[in-house]
Amino acid sequence: MTAVATACGYMREGEWHRVAAWTWRRSREGGCGKEIPQITDGRIEYRTHPFWEQKYCPIHERDGTPRCCSCERMESRDAKYVTLDDGRKLCLECLNFSIMDTTECQPLYLDIQEFYEGLNMKVEQPIPLLLVERQALNEAMEGEKNGTHHLPETRGLCLSEEQIIRTVLKRPIMGPGNRLIDLKTGPHRLVRRCEVTAILILYGLPSDMERSKLILVLYFLAFFTGYRSLNPEVEEGICQVLGHMWLDSEIISGASTSIASSSSSSPTGSAKKGPQTVTERKLGDFFKHQIESDSSPAYGDGFRAANRAVDQHGLRRTLDHMRLTGAFPH
């Protein structure tokens, strides 16, 4: 049996599976094309991703091999990644589903509003949704006193202050060396009409499902503004549960045209244009796996606690209990 170390992804420390007990014959890996080095007794040491089950040489964890900023798989010698303006890398599969400017994201935002209305969680005041570069997101974070952001690498932010934000107006084009160039941005003045002045999302996020999950989380925070303060485990946990619910609904509705067409009457339905590709469904499963396997106290433990509460008491009773007590029902 041949050891194959193909493109793989990056996860938090401790989440990789190390396998070094096989006596496979030496082989060239699919990433760099070099032979996988032997250690002792003819054994081969490599890393493998717990979801994608792709393998690679341990050296690629520290030699600067690019990883896709969405699916986290490593760049292989046969498939060069695209470089965004801010240095992030996108694999070609994720690039196919990426949204690059603010206008493109608005229909998806309307889907999120419909999702919440179906849960009797309508936000009356429209909240601007803006796609921004990483630099603009970082600057907004510095200027925000009470901004709430998510994920180890911040990809979204709820703002409550009046600011001028540079938003992405026009998607970039492909330039030399697989680099996206000519990204057009412009200033957008935020006016305070309610507790939340805007929701910022990092541009270039691939997959309807990941963007939907992120917008869902931030929209939830906008809805809960002004209610009892929630600790991180409760706040992040219920957001992860809602994101997981959304991913489920997207995968199910995208897999069947009949389900998608009839889901408009369902709280979790969304206006999908058509069935999803195999790649989209696989990415959706990956994002669900990220939520389910997260080991952090706020996101991982919070998700599992929130999920138990929703399973036992239902979403509506869980949310009502959170508003009254700031905690999950037992």
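Visitor: What makes the largest nonpolar core a core?
Guide: A nonpolar core is a set of buried Ala, Val, Leu, Ile, Met, Phe, Trp, Tyr and Cys residues joined through side-chain atoms within 4.5 Å, and buried means under 20% relative accessible area, exposed over 50%, partly exposed in between (1.4 Å probe, protein chains only). The largest such set has 67 residues, and those with the most contacts inside it include Tyr116 and Phe220. Helix 4 gives the most to this core, 11 residues; helices (H or I, at least four residues) are DSSP runs, numbered from the N terminus. This is a predicted model, where local features need pLDDT of at least 70, side-chain atom pairs count only at pLDDT 80 or more, and totals for chains, interfaces and linings use all residues. Residues are numbered from 1 along each chain as its sequence is written, and side-chain values use heavy atoms, leaving out hydrogens and water.

Visitor: Why are helix 8 and helix 9 called oblique?
Guide: Their axes (lines fitted to C-alpha atoms over the stretch in contact, with angles from 0 to 180 degrees between N-to-C directions) cross at roughly 120°. Angles under 35 degrees count as roughly parallel, over 145 as roughly antiparallel, 65 to 115 as roughly perpendicular and the rest as oblique, so these two helices are oblique to each other.

Visitor: Which residues of helix 8 and helix 9 make the contact?
Guide: Contact means heavy atoms within 4.5 Å; among the residues making it are His313 of helix 8 and Leu315 of helix 9.
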